[in-house]
Amino acid sequence: MIQNRLLHSALLICAFASSATPQTPVQARLAEYRTQIDGVDRQIVELLDKRAAIVQKIGSVKKEAGLAVAAPARELQVLDHVVRVGQTGPLPQPALRRIYEVILREMRAWETSGNRAHP
């Protein structure tokens, strides 16, 4: 909530500052696209937070059942699924796979740590 307010304030300050100096058409388009990226990034963070909440639940179930945190077969399923889902998008499938490998690695490390912050 506080982060959203800070981001909103920063965007307003940037908008005000940029309105004080005339923008070229290129600068205006770049500013609009960058604002769109900021919005998408906010959505990505929200979705990662939702994913992390589910990882917490999975971690609790695994702990109760005495199961290992790492599930290599499941991670391969996730990677294959993501690549399949992303086939029609502009992002190359190998890049999408690498992005998700990082997400899975970080989620696994976080789950291993007992959901504590780690460097």
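Predicted model: local features only at pLDDT ≥ 70, side-chain atom pairs only at ≥ 80, totals over all residues.
Local features are reported only at pLDDT of at least 70 and side-chain atom pairs only at pLDDT 80 or more, while totals for chains, interfaces and linings use all residues. Residues are numbered from 1 along each chain as its sequence is written, and side-chain values use heavy atoms, with hydrogens and water left out.

The protein has four helices and zero strands. Helices here are DSSP runs of H or I with at least four residues, strands are runs of E with at least two, and both are numbered from the N terminus. Read from that end, the order of the elements is α-α-α-α.

Of the 119 residues, 16% count as buried. Buried means a relative accessible area under 20%, exposed means over 50%, and partly exposed lies in between, with a 1.4 Å probe and protein chains only. The protein exposes about 9,500 Å², an area that comes from the Shrake-Rupley method with a 1.4 Å probe. Carbon and sulfur atoms supply 64% of that surface.

Contacts (heavy atoms within 4.5 Å) can be sorted by separation along the chain. Among those with a separation of 6 or more, 55% join residues 24 or more positions apart.

Helix α2 covers residues 25-65, which is 41 residues. From its first C-alpha to its last, α2 reaches 60 Å, close to the 60 Å expected at 1.5 Å a residue; the expected span is 1.5 Å times one less than the number of residues. The buried residues of α2 are Gly39, Ala52, Val55, Gly59 and Lys62, and they pack against α4. After α2 comes Gly66, with a positive phi near 70°.

Is Glu111 buried or exposed? Glu111, which lies in helix α4, is buried because its relative accessible area is 13%. Leaving aside neighbours within four places in sequence, Glu111 is in contact with Val55, Ile58, Gly59, Lys62 and Val69. Val55, Gly59 and Lys62 are also among the buried residues of α2.

Arg108 also has its place in α4, which spans residues 93-112. Arg108 has a relative accessible area of 26%, so this residue counts as partly exposed. With neighbours within four places in sequence left aside, Arg108 is in contact with Val69, Ala70 and Glu75. Arg108 and Glu75 are 33 residues apart along the chain, and their C-alpha atoms are separated by 9.9 Å.
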